[in-house]
Amino acid sequence: MVATLRFTLWLAVAVVAAAVLGWLFRAVLTRIAPANAARLLRSAPLSASFGMAVIVFYLLVAILAPTIAPFGEREVVGAQFMPAGGEFLLGTDNLGRDMFSRLVFGVRNTVSIAFITTALAFAVGAVLGLLAAMVSGWLDQLLSRVVDVLMAIPALIFQLLLLTIVGTSIINMILVIALIDSTRVFRLARAVAMNIVVMDYIEAAKLRGEGLWRLIIREIMPNAAAPLVAEFGLRFCFVFLSISALSFLGLGIQPPTADLGSMVRDNATLITFGEVTPLLPAGAIALLTVAVNFVVDWMLHRASGLKE
Amino acid sequence: MSDIWWMILRRLALGVLTLFVVTLLIFGAIQLLPGDPAQAILGQAATPETLAALRTELGLDLPAWRRYLDWIGGVLQGDFGVSLANKRPISELIAGRLANTLFLALYAAVIAVPLSLVLGVLAALWRGSWFDRAINVLTLSSISFPEFFVAYILIFWLAQSGLFPSISNIPPGAPLAEKLYRTFLPALTLTLVVTAHMMRMTRAAIINLLASPYIEMARLKGMGPTRVIVHHALPNALAPIINVVALNLAYLITGVVVVEVVFVYPGLGQLMVDSVAKRDIPVVQAAALIFAAAYILLNLAADVLSTLSNPRLVNKR
Amino acid sequence: MTEAASNKPVLLTIRGLRIEGRSDEKWSEIVKGVDLTLRRGEVLGLIGESGAGKSTLGLAAMGFTRDGCRISGGSIDFDGIDLLTAPEPVRRGLRGKRIAYVAQSAAASFNPAHRLIDQYSEGPVQHGVMGKAEAQRDAVELYRRMRLPNPDEIGFRYPHQVSGGQLQRAMTAMAMACRPDLIIFDEPTTALDVTTQIEVLSAIRDIVAQFDTAAIYITHDLAVVAQMADRIKVLLHGEEVEEADTRTMLSTPREDYTKSLWAVRSFERGAQPALPAADVPVVELRNIVAAYGPVPVLHDVSFEIHRRRTVAVVGESGSGKSTAARVITGLLPPSSGSVLFEGQPLPADYRQRSKDQLRQAQMIYQMADTALNPKHRIREIIGRPVRFYLGKSGKALTERIRELLRLIELEPDLFIDRLPSELSGGQKQRIGIARALAAEPRFIICDEVTSALDQLVAEGILRLLDRLQSEFDLAYMFITHDLATVKAIADEVVVMKDGRVVEQGPKAEMFAPPHDPYTELLLSSVPEMDPDWLDRLLAERAAGRAGGSLPASQL
Amino acid sequence: MNGNPADGRFGAVSRRGLLRGATALGTAALLPLGSGRAAAQPKQGGTLRLAMAHGSSTDSYDPAMLENAFAQLFATARNGYMTEIAADGSLTGDIAESWEASPDARVWTFKLREGVTFHSGKPVTAEDVIASLDYHRGEESTSAAKPIVAPIVEIAADGPGTVVVTLESGNADFPFVISDYHLPILPATDGRIDPLSPDGCGGYVVESYEPGVRASMTRNPNYWKLPDRAHFDAVELLTIIDAAARQNALITGEVDVIDQVDVNTVHLLQRAPGVQILSTTGTQHFTFAMDTRAAPFSDNNVRLALKYAIDRQELLDKVLNGYGALGNDQPVGPSDRFFADLPQRAYDPDKAKFHLKEAGLDTLQVPLSAADAAFPGAVDAAVLYSEQAAAAGITIDVIREPNDGYWSNVWMVKPFVAVYWSGRPTADWMFSTAYAAGVAWNDTFWDNERFNQLLNEARSELDEVKRAEMYREMQLLVRDDGGVVIPMFASYVMGLSDAIGHPEQVSANWTLDGFRAVERWWFA
């Protein structure tokens with residue numbers, strides 16, 4: 001009973017804090033942003049501004065990681081599993097490395113890896129998807145069938161297979177996850193573009209004699225952006241999970257590089273003893289996911305034109 | 001209606017082609033894996049002599065294309081061959097695993113699909129409310145935790161208190177009720193993993209339609225919000241919902257290796273991963289075939305259902 | 001009707017109604033203090049341009065506001081119920097039961113997932129007026145009264161299986177289902193072809209009269225409102241301009257704005273000087289046969305378009321007029337026949353045409369919304385052809401864009417950096433024109449360029465096109481289904497039906513009898529600003545004189 | 001994701017050089033650590049549920065494979081062997097009641113116990129023994145035990161109850177060697193065994209087996225060791241690969257015994273009610289092996305630098321959480337009678353720097369390949385090592401290799417790799433397996449003339465004192481010249497329900513009481 005009460009209290013505190021953070025962030029941004037952006041920002045609901053605040057926070061952490069972290073990413077500074085507090089803000093991990101520093105660097109590494117992976121997946125998937133929709137005919141058939149085949153193989157097992165073939169460097173991991181993710185992006189991009197290529201302005205551009213590349217990049221891409229960006233948000237988060245699952249199966253990021261997914265994995269057994277340590281990296285992933293999706297929801301809402 | 005039969009036929013033909021390419025791809029990928037089955041099976045205990053002997057025994061000295069042709073020839077006659085690693089007939093090896101996988105997938109789906117539809121509809125109905133926000137944050141959090149982590153948390157909460165078993169150790173011949181009880185936690189884990197996606201799609205698909213003139217018309221006919229959402233928006237939002245449900249069902253069948261490992265549930269995913277490690281090509285191929293077929297059939301089913309759900313496509317002018 | 005109505009009790013009273021709409025987080029007034037009184041059985045016409053607040057007012061009469069709108073002042077009293085203070089369930093109970101609504105596009109407003117008759121019976125059943133079986137029997141009866149073909153079985157079809165005109169009648173029937181006291185008609189015929197419009201109008205008028213239902217009839221088409229309404233109220237920017245009974249309003253409008261509305265249909269361009277004998281047509285279609293896959297769409301179509309001439313291609317939707325345009329632009333290569341440009345055959349596929357050939361023929365689209373890339377600024381939209389075809393860049397490019405904006409009468413400084421979403425419909429259409437002009441073409445295809453616009457705005461566009469034609473020596477092909485537009489701008493007319501040219505010739509000849517029966521039907525269906533026009537026409541048709549060969553109910 | 005192939009290596013028994021006998025005194029076994037709730041009086045009854053970290057769906061009954069601990073323990077539970085290593089490390093008879101060697105130890109005569117039957121009821125005869133051993137011999141054999149039986153020249157029956165084995169050359173250890181778990185005695189028909197048959201003459205009869213999932217067995221009512229062994233009525237073996245799931249299964253009472261307790265959380269598991277921890281330290285050790293043929297490892301100064309650059313105590317504390325013993329860069333453990341108590345090498349970055357300088361280097365950068373397949377915690381160990389070595393100016397780039405294919409693609413392929421050795425019962429066996437020049441598993445490719453010479457001489461040396469001296473020198477040579485860093489000997493750590501009773505002395509050869517927990521333990 002007391003525990004439930006305390007939980008509820010903390011939940012309320014967290015919700016209020018999040019709302020306040022969102023509100024403050026929006027207030028500050030609308031002050032300093034240029035007029036156009038400020039007007040846009042003012043229309044953002046609290047959840048979206050909270051999301052943006054969190055994203056900015058993560059970006060800052062990622063950029064300033066070496067400054068923020070009291071210890072090095074791989075530095076062994078104490079005994080293993082030291083409790084939180086004292087010299088080590090969040091205690092130490094199984095090798096006696098500072099948990100807080102690992103988290104900070106984990107955010108930096110994971111966010112950048114996930115970003116590069118997702119960006120790559122989108123560059124490939126979106127361009128091919130738009131191309132397929134634009135050109136249609138045999139190219140569309142070919143690409144769609146290839147994507148069908150790739151999607152018919154379970155993603156995790158396929159990643160496992162490919163990574164075992166090419167070896168688990170960070171670059172290979174990025175390439176493999178991006179390849180498999182790009183099939184999903186392709187599907188979406190193609191579906192979205194199918195609705196755009198029938199528009200009169202595309203016909204007008206075609207009749208003007210515009211080249212294919214320009215049609216795709218200048219005419220279709222900006223209009224397909226909203227759903228693609230929304231998908232970007234989700235995919236971006238899923239990359240963490242992919243890395244984490246790979247790590248679970250023994251193919252994660254090379255140690256001693258800190259990444260959130262592998263950190264969850266490394267400390268996961270602790271949760272079964274009721275220890276909160278593994279909740280930190282998992283929470284870090286969850287917070288970012290929720291934040292990104294808040295912003296994505298807002299953008300989708302704006303794109304959908306609903307006014308409530 | 002004949003159009004639908006025609007579509008199903010065409011898609012099935014395409015599906016068979018896809019399956020064929022999948023087997024080629026998997027076979028090729030395994031050829032590219034470092035090490036061969038002989039090495040993998042003998043492990044560290046391998047000596048050059050035992051390796052050579054095992055390779056001859058397994059027919060690995062034949063060229064790759066020959067082995068592929070032999071394999072596919074067998075499959076076309078309904079013979080999946082025997083496992084390289086333990087010489088058991090593959091059809092027998094896989095049958096039990098497949099049944100387990102389908103059981104768990106069905107179990108999770110039976111919970112997850114209605115749950116996500118109801119939650120999605122409620123979130124759409126009370127969009128922007130606290131309920132909407134809370135359910136959104138909850139489902140998003142549940143998908144942002146890695147699966148095994150969700151599983152551990154559930155074990156901590158529900159198994160350590162003795163409510164449910166922490167591993168799905170099902171004795172052969174257990175009654176259904178016991179099976180359901182023992183596989184509750186993995187099913188719940190999977191439910192948490194897939195619910196968010198389906199629920200969000202349901203919500204989005206419905207909200208997407210709320211600006212439609214016919215929704216306004218329904219409201220102007222004096223229909224209440226619930227009836228507007230359930231009777232007017234939902235039937236028109238079925239296509240995207242069906243598709244995302246199919247996608248998630250496919251995931252429940254093909255993507256649950258991690259949950260199988262954590263709950264010690266003998267499914268097909270774990271068999272495939274084990275077999276990849278042992279380079280047990282015929283088993284990997286058979287499992288890949290089943291996964292790909294499941295994916296293709298579910299997609300086909302989704303397309304057929306969304307076609308049927310759309311009067312425009314069923315009743316031609 | 002008028003005299004009878006004036007004695008009846010008042011049904012709806014609106015006083016000082018103010019409604020605000022939100023855009024970019026700001027609330028701005030859409031309806032600015034409008035009064036309205038409606039008696040039982042009376043039909044009030046609400047007219048004005050888009051954005052005048054007619055629809056918002058009409059919906060407010062149901063106690064309903066769209067999302068993003070709110071009522072900020074005034075009162076609405078429906079038969080003793082204050083719609084602003086009544087709780088939502090009470091208002092919901094009125095909607096569909098005592099106040100019904102007929103939307104502009106029946107095709108979009110019928111739920112595609114349910115059969116017509118189920119949608120019909122939903123209201124009565126849910127409001128507890130009658131049971132489902134009874135409602136269905138009633139539906140058949142009303143379908144019959146609405147003169148729908150096969151009234152016994154049409155209700156069992158899905159909306160997509162029924163034509164637009166029939167849907168509009170089915171929707172009116174649905175509105176009647178609970179025998180409401182008041183129906184709001186929100187531009188019910190705007191999306192229909194003229195010939196179909198007649199049918200719907202007469203059906204609506206009859207049924208409203210039969211059940212003595214009061215109605216608010218919203219439209220921007222004066223000729224239509226003239227047929228339907230007892231009284232007319234003119235709105236502009238959310239304010240009332242004037243109100244009077246129909247005949248008074250038509251004969252002696254008081255306000256300037258009303259007069260300008262009345263004057264819209266007066267534009268007609270003068271006769272052009274005769275063509276030199278040996279003039280080579282800018283564009284010539286020779287025996288075009290074209291098909292979409294196996295479906296033939298054009299059968300042996302030939303016509304020519306000369307310099308400084310406007311050829312109007314007229315026909316209902318599906319007549320093949322837009323397909324002809326697609327053949328000319330090369331989007332649909334014909335299966336036989338050829339397109340000549342200044343005497344030279346054009347490659348059938350646009351991809352085989354040279355940049356210069358592409359430049360010479362431009363197109364202006366019907367829906368300016370989909371014709372302009374919503375993510376491009378005006379500078380980019382107009383500038384792209386200039387840069388692409390004529391190689392201008394930097395200062396010269398900007399100067400040319402400004403010049404083009406001035407040509408279409410838009411202030412360059414204000415518009416050059418806007419997005420299409422920041423423009424009104426008419427402004428968008430002007431940008432479409434500027435984009436075509438930017439290529440410096442010889443020939444422009446105008447595909448229903450005014451049909452989505454209010455009359456006043458359309459008028460402006462027509463005048464602009466006319467001016468540009470003489471200024472730049474252009475040849476126009478003007479695709480339209482609106483004969484008023486034809487009358488205003490065409491030199492020559494080509495009438496198409498079912499992929500064939502039915503009749504063609506100079507405008508003067510076309511508008512003078514005798515006509516091909518189909519042309520006659522088209523011509524006679526154009527509403528006139530005479531309150532008695534519809535009665536007269538229906539009487540004439542009943543007598544079998546005009547368009548008798550085509551039973552109207554089958555349109 | 002897959003079973004640890006390292007377990008597949010045969011042969012860790014605590015060996016006594018016996019030439020004759022059925023039982024003998026042993027000295028070397030180590031006492032178990034842990035809470036040791038050992039009850040003196042075994043009781044019969046109950047179903048043991050035992051979960052192991054290993055087991056793969058590709059496993060089979062085939063005794064030639066048995067590539068992971070699950071398969072090994074399962075084989076031991078259902079089968080009988082010629083001899084058995086007792087918990088104290090001594091050798092006892094199993095199917096062989098007694099044995100006798102020729103004076104040159106080349107010809108061994110085994111007398112079979114009477115009245116032993118297979119589960120099918122068929123009595124065990126000499127024919128079965130011969131067929132069972134023959135199965136692993138010969139050109140076509142793919143058996144992992146092939147090297148063990150390779151020296152056999154001839155096996156013959158001398159009546160139904162006697163088997164005579166003739167070896168290439170004398171081997172005093174032969175009775176020890178054939179206790180190997182790969183060599184169960186299986187029923188023969190027409191002189192051949194069916195390797196895929198579950199039949200055996202061990203304490204438990206297979207009820208069902210689902211490779212990679214579970215095996216169910218019931219007590220063999222005709223087991224000849226009854227009532228001293230096979231106390232459980234039934235046994236259920238489970239594969240639970242995930243460490244957390246395994247621990248949870250124990251905590252929630254789903255299983256009674258688990259192996260491979262995650263040493264990182266063992267202190268937490270210990271606190272759980274109803275759980276006891278049992279650990280045994282034997283010959284199992286973890287190494288970092290360098291390819292001594294390749295630069296820079298070809299320079300012994302580099303090797304020494306790397307040996308001084310590791311903090312063994314920290315590795316033992318952090319990777320094994322103290323569950324083990326310090327290593328001293330040579331593979332002979334303290335349990336071996338020829339163990340030379342050499343001075344413990346300590347972490348000394350300055351000395352490492354000194355040796356680097358001797359090698360003419362200021363800094364050193366080497367890649368170190370590791371995977372958790374090498375040994376549990378290998379990647380962490382490598383990371384710690386690289387942190388420690390940094391202080392000596394040595395950069396160790398840790399490369400996490402895939403678990404999959406580690407033993408074929410990394411071990412003995414990459415120049416510097418983490419390795420797991422279950423160890424060998426004798427110094428001679430250990431050295432001959434992995435340190436003699438040119439042998440198959442010499443994973444450091446080390447070729448030291450003096451060492452090779454000593455190894456050959458010691459094998460034939462009869463004087464124990466001289467022999468000890470020789471082994472001491474060999475251990476020194478490996479320590480100071482060899483290509484291997486041995487930071488620690490690792491314990492087998494198991495989790496037991498409080499309800500489980502076990503003998504005072506638990507075998508340290510393998511995990512789970514020398515794979516015999518199934519028949520040696522009981523419900524208290």
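In chain C, strand β11, residues 283-292, and strand β14, residues 336-341, are paired antiparallel through five bridges. One pair to look at there is E284(C), whose bridge partner in β14(C) is L340(C). Keep in mind that this is a predicted model.

Those two strands sit in an open sheet of four strands in chain C, ordered β12-β11-β14-β15, with antiparallel pairing. Its edge strands are β12 (295-305) and β15 (344-345), each of which pairs on one side only. Helix α13 of chain C, residues 321-329, packs on the sheet and touches β11, β12 and β14. The direction of α13(C) makes about 110° with that of β11(C).

Next, chain D. Strand β7, residues 162-167, has five of its six residues buried. What does β7(D) pair with? Strand β5(D), residues 107-112, pairs with β7(D) antiparallel over five bridges, and there K111(D) has T162(D) as its bridge partner. Strand β6(D), residues 152-157, also pairs with β7(D) in the antiparallel sense, over five bridges, with I155(D) standing opposite V165(D). β6(D) and β7(D) form a hairpin with four residues between them. In the turn, G159(D) has a positive phi of about 80°.

Last, the cores. The largest nonpolar core has 180 residues, and those with the most contacts inside it are F148(B), F149(B), Y152(B) and I206(B). Helix α4 of chain A, residues 99-135, gives the most to this core, with 15 residues. Setting aside neighbours within four places in sequence, I206(B) is in contact with V121(B), A124(B), I229(B), A233(B), L234(B) and A237(B). Another core, of 88 residues, lies apart from that one and includes I99(C), Y101(C), A203(C) and L534(C).

How values were computed
Residues numbered from 1 in each chain as written. Chains lettered and ligands numbered in written order. Predicted model: local features only at pLDDT ≥ 70, side-chain atom pairs only at ≥ 80, totals over all residues. Heavy atoms only, no water. Pairing = 2+ DSSP bridges. Contact = heavy atoms within 4.5 Å. Axes fitted to C-alpha atoms, helices over the stretch in contact; angles between N-to-C directions. Core = buried A, V, L, I, M, F, W, Y, C linked by side-chain atoms within 4.5 Å. Buried < 20%, exposed > 50% of the residue type's maximum accessible area, 1.4 Å probe, protein only.
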